[in-house]
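Biologist: Could you take me through this structure, beginning with the aromatic side chains?

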Amino acid sequence: LKPEVLAGRALFSAWPYEFPDGITHQWNFNLQRSLRGNAVVSAAYVGTNSVHQRIGPADLNQPVPGAGALNLRRAYPAVTTITTSLPEGRGNYQALELRFERRFSAGFSTLNGFTWSKTMATQMSENTRLMIREKGLSAEHLGNRFFSTVVWDLPFGKGRKWLSTGVISQLAGGWQISTLFSA
């Protein structure tokens with residue numbers, strides 16, 4: 001950038017001429033085993049890798065830390081901020097997913113799972129003037145997750161164990177109780 005082009009401007013934005021499309025690759029490997037009682041247990045390895053994610057806005061004219069007027073510590077003191085976005089972001093997710101499911105039979109089903117994962121991201125450093133990328137845990141990182149859900153048909157109403165006839169069977173029948181727990 002030529003300083004005379006920027007003179008007198010308060011803000012300036014610069015964008016890459018060609019901005020590559022972001023790319024994400026995904027993969028998984030899953031083992032499942034059927035158990036007695038209409039149940040299934042599974043273990044899976046899941047991963048993704050993303051490149052060319054948009055990082056920004058980054059200030060290319062960030063002042064160098066120190067004493068004195070801010071603009072005198074900038075590369076281009078005639079302007080305050082030069083913002084840009086860069087296709088330099090990266091992301092990576094790796095996980096082990098465990099699951100137990102009892103499929104719906106005899107009025108009852110359950111699905112339970114646990115995920116142990118790590119989500120890494122590459123972002124711009126605090127000193128954006130140097131354009132250094134830093135890799136660390138992503139803001140979306142959630143290392144451990146457990147969930148459990150249960151669905152149970154209540155044993156009331158037509159064709160059920162209790163209150164199977166009469167007007168009350170019409171009102172009491174067809175109801176379910178379901179739960180969802182996540183931690």
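Modeller: The count comes to one aromatic pair, where rings of Phe, Tyr and Trp (its six-membered ring) pair if their centres lie within 6.5 Å, with planes under 30 degrees apart counted as stacked, over 60 as edge-to-face and the rest as tilted. The ring centres of F146 and F181 are 6.2 Å apart and the planes stand at 55°, so the pair is tilted. It links distant parts of the chain, with F146 in strand 7 and F181 in strand 8, 35 residues apart. Helices (H or I, at least four residues) and strands (E, at least two) are DSSP runs, numbered from the N terminus.

Biologist: What sort of model is this, and how are the residues numbered?

Modeller: This is a predicted model, in which local features need pLDDT of at least 70 and side-chain atom pairs count only at pLDDT 80 or more, while totals for chains, interfaces and linings use all residues. Residues are numbered from 1 along each chain as its sequence is written, and side-chain values use heavy atoms, with hydrogens and water left out.

Biologist: How do strand 7 and strand 8 pair?

Modeller: They run antiparallel and are joined by seven bridges, strand 8 covering residues 176-182. Two strands pair if DSSP finds at least two bridges between them. V150 has T179 in strand 8 as its bridge partner. Strand 7 (residues 144-153) is also joined to strand 5 (residues 108-124), by nine bridges and again antiparallel. There, T115 stands opposite R145 in strand 7.

Biologist: D153 is in strand 7. Is its side chain buried or exposed?

Modeller: D153 is buried, with a relative accessible area of 14%. Its side chain makes a polar contact with the side chain of Q176 at 2.8 Å. A polar contact is a pair of N or O atoms within 3.5 Å; within protein, one must be able to donate a hydrogen and the other to accept it, and residues adjacent in sequence count only if both atoms are side-chain atoms. Leaving aside neighbours within four places in sequence, D153 is in contact (heavy atoms within 4.5 Å) with F104, G107, R160, W175 and Q176.

Biologist: Let us change topic. What is the overall layout?

Modeller: The protein has two helices and eight strands, in the order α-β-β-β-β-β-β-β-α-β from the N terminus. Of its 183 residues, 28% are buried. Among contacts between residues at least 6 apart in sequence, 62% join residues at least 24 apart.

Biologist: And strand 2: how many of its residues are buried?

Modeller: Zero of the 13 residues of strand 2 (residues 23-35) are buried, so it lies largely in the open. Strand 2 is joined to strand 3 by 13 bridges, and the two run antiparallel. In that pairing Q26 stands opposite T48 in strand 3. The two strands form a hairpin with three residues between them, and G37 in the turn has a positive phi of about 75°.

Biologist: How many salt bridges are there?

Modeller: The count comes to two salt bridges, each being a side-chain nitrogen of Lys or Arg within 4 Å of a carboxyl oxygen of Asp or Glu. D59 forms one with R74, the closest N and O atoms being 4.0 Å apart. D59 lies in strand 3 and R74 in the loop between strand 3 and strand 4, so the pair ties together parts that are 15 residues apart in sequence. Both D59 and R74 are buried. R99 and E101 form a salt bridge as well, at 3.4 Å from N to O, and R99 is partly exposed, with a relative accessible area of 30%.

Biologist: Where is N61, and what does its side chain reach?

Modeller: N61 is in the loop between strand 3 (39-59) and strand 4 (81-105). N61 is buried, with a relative accessible area of 0%. Its side chain reaches the backbone oxygen of Y76 at 2.9 Å, and a polar atom of that side chain lies 3.2 Å from the backbone nitrogen of A75. Leaving aside neighbours within four places in sequence, the contacts of N61 include R74, V79 and I82.

Key:
Buried < 20%, exposed > 50% of the residue type's maximum accessible area, 1.4 Å probe, protein only.
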